[in-house]
Amino acid sequence: MWRKDAKPNTQSSNTPEPVATTPKPVQNLAPTGAPVVPAAAPIAQTFGSTPAPASYSAPAVGAPVTRNSASLIGSGLKIQGEITGDSDLVIEGEAHGRIRMVNGRVTVAANGRVNADIEAVEITVEGSVQGGLKASDRVRLGPTSQVQGSVLTPRIAIEDGARLRGKVEMIRAGEVATPAAKVPAVVAAPAIEKPTTNATNTTVAATNASPAASTLSATEKANAARVSGD
Amino acid sequence: MSWTAKPRLNPIAPTVKPTGTVKPGPKTLVETAGNVRISNGLKEFLWLLDGNSQGRILDLGAVFQTTVMFFIERGYRLSTEDMMRSWKEFLISEEESMRSMKVGNEGARVSQGMLAGKFLDSNLQYPEDNFHGVLAWDLFDYLDAELLPRVMERLYTILRPGGAVLASFHSKTPERFNRYKIVDGQTIELIPSPTLAVHSRIFQNREILDIFGKFRSSKTFVGRDQVREALFLK
């Protein structure tokens, strides 16, 4: 006969089976005229297959979620419009328009593509951004990042390999301003030491011409070239 | 801005020193480190920029944290544009579009000059008289003959009167392609990196003067590694 203890009780109602579904994150996106973001897994689980950005500190498992729980634009998802809110935002898909998370962090993951101005407390870029970055605390450009646009931030970290095509300006911490509206606070320029030519490893001359002709006018340049004979 | 008009706080050290009193001596730590070099061109470049608080600098090389912070901390506004990489990517995309072209479509073929023009339609796009200084280490040696004069023309346009361009030129074919980052006011670090373009040519001094023909004065520094740093003023 069948052993009673050998057969697992698959239909037991007393011991609930562990559910393999992922919990839904808090939806903090407020897209205007944009498609609704479908439910996605919390960031700590979503990044399970892909490495999370180094600067992004996922909340510890079991830790109470207080103010910010990251919202996610997952890969394969494309959002067009304005995204505003108070939470953190992680972009693995595509976002076009404008992103404004005044109290949160925005992370553009390695596969993320953003064609929008981003304004946040902290901005981390591992993917591609076409648009300005304005951070009231810091901007971090990872080694795979590609940014085309201006960067306005009090602190910036650029890792080797990052690509930035645009302007970098510094502002005071906590301040997020348009470049045209406010003058960026800059550190007082230290006095630059007067250049004293190191005679041991350099030759100061107009392209190896006359040693005396270190400063040349246009005509002098031509003469110097003639003298140098090359 | 010129070398003669701007007062120097200290006289330049004499280039000829009495023999026997000064030994070649041990190199500094910075000099002995493998991938760094003293850059008198940079020192002179910074001296020329000194006084232009919130001056605008354009770096045409790869972006590095130290370089960005170096200028930002001194109050400058820095723009970066990795021109070599942009040029390479542009050529790759053009090549791909050529490959996808129908056979016999001669009308769509483009010359090198047209390619250069097309590249500059979307690169080096800045207002006129915008920058106080431009950094172009290891760049002009690698640009092709059609692109180089157009780039020089564009640089001249976007540079303010009195602005300076710091460029470097090899005296022999370089063993590898390097990117540069600023360590301090007179030291740069060479970062070996994958070759983005074939070294195009070695410029003679006269040719360097020619390609900077519109600029009004120049200074050249020859390093121990035979790399010539040229500083030109608009």
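What share of the contacts in chain B with a separation of 6 or more comes from residues 24 or more positions apart? The answer is 72%. Keep in mind as you explore that this is a predicted model. Chain B has 234 residues, and 41% of them are buried.

**A sheet in chain B**

- Let's begin with an open sheet of three strands in chain B, which follow the order β1-β7-β6 and pair in the antiparallel sense.
- Its edge strands are β1 (36-38) and β6 (178-184) of chain B, and each of these pairs on one side only.
- From one strand to the next, the twist averages 30°.
- Strand β1(B) is joined by three bridges to strand β7 (residues 187-192) of chain B, and the two run antiparallel.
- If you look for Arg37(B), you will find it opposite Ile188(B) in β7(B).

**An enclosed helix in chain B**

- Helix α2 (residues 40-49) of chain B is largely enclosed by the rest of the structure, because 10 of its 10 residues are buried.
- Just after α2(B) comes Gly51(B), which takes a positive phi of about 105°.
- Gly162(B) itself belongs to strand β5 (residues 159-170) of chain B.
- Why is Gly162(B) called partly exposed? It has 16 other C-beta atoms within 10 Å, while a buried residue needs 20 or more and an exposed one has 12 or fewer.

**Two helices packing in chain B**

- Helix α5 (residues 112-121) and helix α6 (residues 147-158) of chain B pack with their axes 9 Å apart, at an angle of about 30°.
- The crossing of α5(B) and α6(B) is right-handed.
- On the α5(B) side, the contact is made by Ala116(B), Gly117(B), Phe119(B) and Leu120(B), and on the α6(B) side by Leu147(B), Arg150(B) and Arg154(B).
- Sorted by class, the residues in this contact are four nonpolar, one polar and two charged.

**A strand and its partners in chain A**

- Now turn to strand β7 (residues 133-141) of chain A, which is mostly covered, with seven of its nine residues buried.
- Strand β5 (residues 113-125) of chain A pairs with β7(A) in the parallel sense over seven bridges, and Glu119(A) stands opposite Lys134(A) in β7(A).
- Strand β9 (residues 151-153) of chain A runs parallel to β7(A), and two bridges join them.
- Val151(A) in β9(A) is the bridge partner of Leu133(A).
- Strand β10 (residues 155-158) of chain A also pairs with β7(A) in the parallel sense, over four bridges.
- In that pairing, Arg140(A) stands opposite Ala157(A) in β10(A).

**The nonpolar core**

- The largest nonpolar core has 91 residues, and those with the most contacts inside it include Ile118(A) and Leu133(A) from chain A and Val134(B), Ala136(B) and Val165(B) from chain B.
- Which residues does Val165(B) touch, not counting those up to four places away in sequence? They are Val134(B), Ala136(B), Leu155(B), Leu159(B) and Phe232(B).

Notes
Residues numbered from 1 in each chain as written. Chains lettered and ligands numbered in written order. Predicted model: local features only at pLDDT ≥ 70, side-chain atom pairs only at ≥ 80, totals over all residues. Contact = placed C-beta atoms within 7 Å. Axes fitted to C-alpha atoms, helices over the stretch in contact; angles between N-to-C directions. Left-handed = near helix turned anticlockwise from the far one by under 90°. Nonpolar A, V, L, I, M, F, W, Y, C, P; charged D, E, K, R; others polar. Pairing = 2+ DSSP bridges. Core = buried A, V, L, I, M, F, W, Y, C linked by C-beta atoms within 7 Å.
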